Amino acid sequence: MQETRARILDALTEGPVAGPELAERLDVSRAAVWKHVEALREEGFGIASSGEGYALVEFPEFGGATVEYDMDAPFDVEFHDSVPSTNARARELAQEGGDDVVVLADEQTGGRGRLDREWTSPSGGIWLSIVVRPDVPPTHAPAYTLAAAVAVTRVAREAGADARIKWPNDVVVSGASDSKSAPRSDDIERKLAGILTEMEGEADRVSWVVVGVGINANVDPDELPSEANPATLSTEVGYVNRRLFTQRVLEEFDALREDLESVVPAWREYATTLGKRVRVDTPGGEVVGEAVDVEFPGALVVDTGDERVTVTAGDCEHLRPVER
Ligand code: BT5
């Protein structure tokens with residue numbers, strides 16, 4: 001966020017400050033103060049003016065400046081009320097050389113999942129894509145998917161949801177929404193968030209990675225595809241403050257990408273897949289067995305009974321345990 005604007009917000013959160021005093025403190029002209037205050041108001045910051053001066057009375061619930069302000073992570077945030085796909089926009093920025101940039105939207109009209117599947121993204125969600133340019137080989141890119149899954153899971157748990165991770169890229173909650181009337185409800189996993197990582201690189205080095213994260217935050221469940229068993233934060237834990245939620249996800253992601261070795265142990269802690277019987281559809285065919293581990297940078301190890309197979313990509317289905 002523009003530095004003078006951040007300093008104005010810092011000053012105004014402490015209470016009313018008169019324009020001339022603000023100008024003096026920040027060493028800018030009174031006209032400049034007025035211009036910055038107007039710009040902040042346009043971004044949705046509630047700045048009241050009274051005889052005592054300006055005071056910050058309200059943060060915008062969502063937006064670029066409001067997420068950037070007071071966030072402990074170095075990302076610039078480009079916000080859109082509506083955009084076809086934040087990943088598509090992030091790829092453009094990546095190709096132009098963008099680094100540590102986040103594209104954030106309230107609504108996507110052409111959101112995409114893996115394998116070009118549709119990702120339904122109505123207004124009220126948190127749809128974001130992070131552009132990073134890490135100095136790692138392309139084979140490490142899956143670690144960023146896992147890092148994003150860990151980040152979202154941690155923050156969803158902070159908000160009170162019993163979130164877990166289903167390999168490789170789903171953040172899920174267990175149980176039917178009306179668990180009293182639905183027997184075996186613990187078997188049902190509903191998807192709260194999905195992650196789509198895209199990258200470009202050469203043989204030994206990544207050029208950029210775009211980590212796309214879709215979180216069903218304050219979304220009306222009726223607007224989501226019911227056959228996909230979706231979950232939303234607003235129905236799990238109540239309405240969430242998207243500004244704070246997004247900041248926390250970006251902060252956690254930032255800490256994890258700086259310490260990639262910590263990603264897999266954290267992932268294991270939240271995994272719902274480990275210990276389960278799974279069927280994984282991989283590009284090389286179907287693998288069925290018990291999911292026994294995840295290895296850096298994100299491969300699933302499946303014990304088929306005959307051998308241990310390491311799967312690096314695919315769709316994973318959790319199966320009922322075999323009756324003994
Ligand atoms: C994913 O794909 O889970 C990755 C989703 C990534 C979305 C983010 S939003 C920000 C960024 N911009 C984009 O355009 N994309 C990223 P996959 O594992 O292939 O799951 C896709 C499947 O999930 C679909 O085929 C549906 O069955 C289901 N689905 C679609 N929308 C959903 C939603 N909002 N909530 C839960 N499930 C959904």
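Predicted model: local features only at pLDDT ≥ 70, side-chain atom pairs only at ≥ 80, totals over all residues.
1. Let's start with the ligand. Its shell has 27 residues, and those that come nearest are Ser85, Gln108, Arg112, Arg117 and Lys191. By class, the shell splits into 13 polar, nine nonpolar and five charged residues.

2. Which parts of the fold build that shell? Helix H5 (86-95) and the strands S5 (126-132), S8 (189-201) and S9 (206-215) each put in at least two residues. S8 is the top contributor, with four residues.

3. If you're setting up the ligand's nitrogen atoms, here are the distances to look at. A backbone N or O atom of Thr120 sits 2.9 Å from a ligand nitrogen, and a backbone N or O atom of Asn87 is 3.4 Å from a ligand nitrogen. From a side chain, an N or O atom of Asn216 lies 2.9 Å from a nitrogen of the ligand. As for cover, the ligand has 800 Å² of accessible area on its own, and the protein hides 91% of that.

4. Asn87 deserves a separate look. Is Asn87 buried or exposed? Asn87 counts as buried because its relative accessible area is 6%, under the 20% cut-off. Leaving out residues up to four places away in sequence, Asn87 touches Gln108, Ser129, Leu196, Glu198, Val210, Val211 and Gly212.

5. Some of those names come up again in the strand pairing. S8 and S9 run antiparallel and are joined by nine bridges, with a hairpin of four residues linking them. Leu196 stands opposite Gly212 in S9, and both of these residues are among the contacts of Asn87.

6. S9 also pairs with S5, again in the antiparallel sense, over seven bridges. Here Val131 has Val210 in S9 as its bridge partner; Val210 is another residue that Asn87 touches. How much of S9 is covered? Nine of its 10 residues are buried.

7. Next, Val150, in helix H6 (residues 142-158). With a relative accessible area of 0%, Val150 is buried, because that value falls under 20%. Apart from neighbours within four places in sequence, Val150 is in contact with Ile165, Leu256, Val263, Ala266, Trp267 and Tyr270. Ala266 is 116 residues from Val150 along the chain, yet their C-alpha atoms are separated by 6.7 Å.

8. Last one: Thr310, in strand S13 (residues 308-311). Is this residue buried, exposed or partly exposed? Thr310 is partly exposed, because its relative accessible area of 44% falls between the 20% and 50% limits. Setting aside residues up to four places away in sequence, Thr310 touches Glu295, Ala299, Leu300 and Val301.

Definitions and conventions: Residues numbered from 1 in each chain as written. Heavy atoms only, no water. Near = heavy atom within 4 Å. Polar contact = N/O pair within 3.5 Å; in protein donor to acceptor, adjacent residues only side chain to side chain. Areas by Shrake-Rupley, 256 points an atom, 1.4 Å probe, with all protein chains shown as cover. Nonpolar A, V, L, I, M, F, W, Y, C, P; charged D, E, K, R; others polar. Buried < 20%, exposed > 50% of the residue type's maximum accessible area, 1.4 Å probe, protein only. Contact = heavy atoms within 4.5 Å. Pairing = 2+ DSSP bridges.
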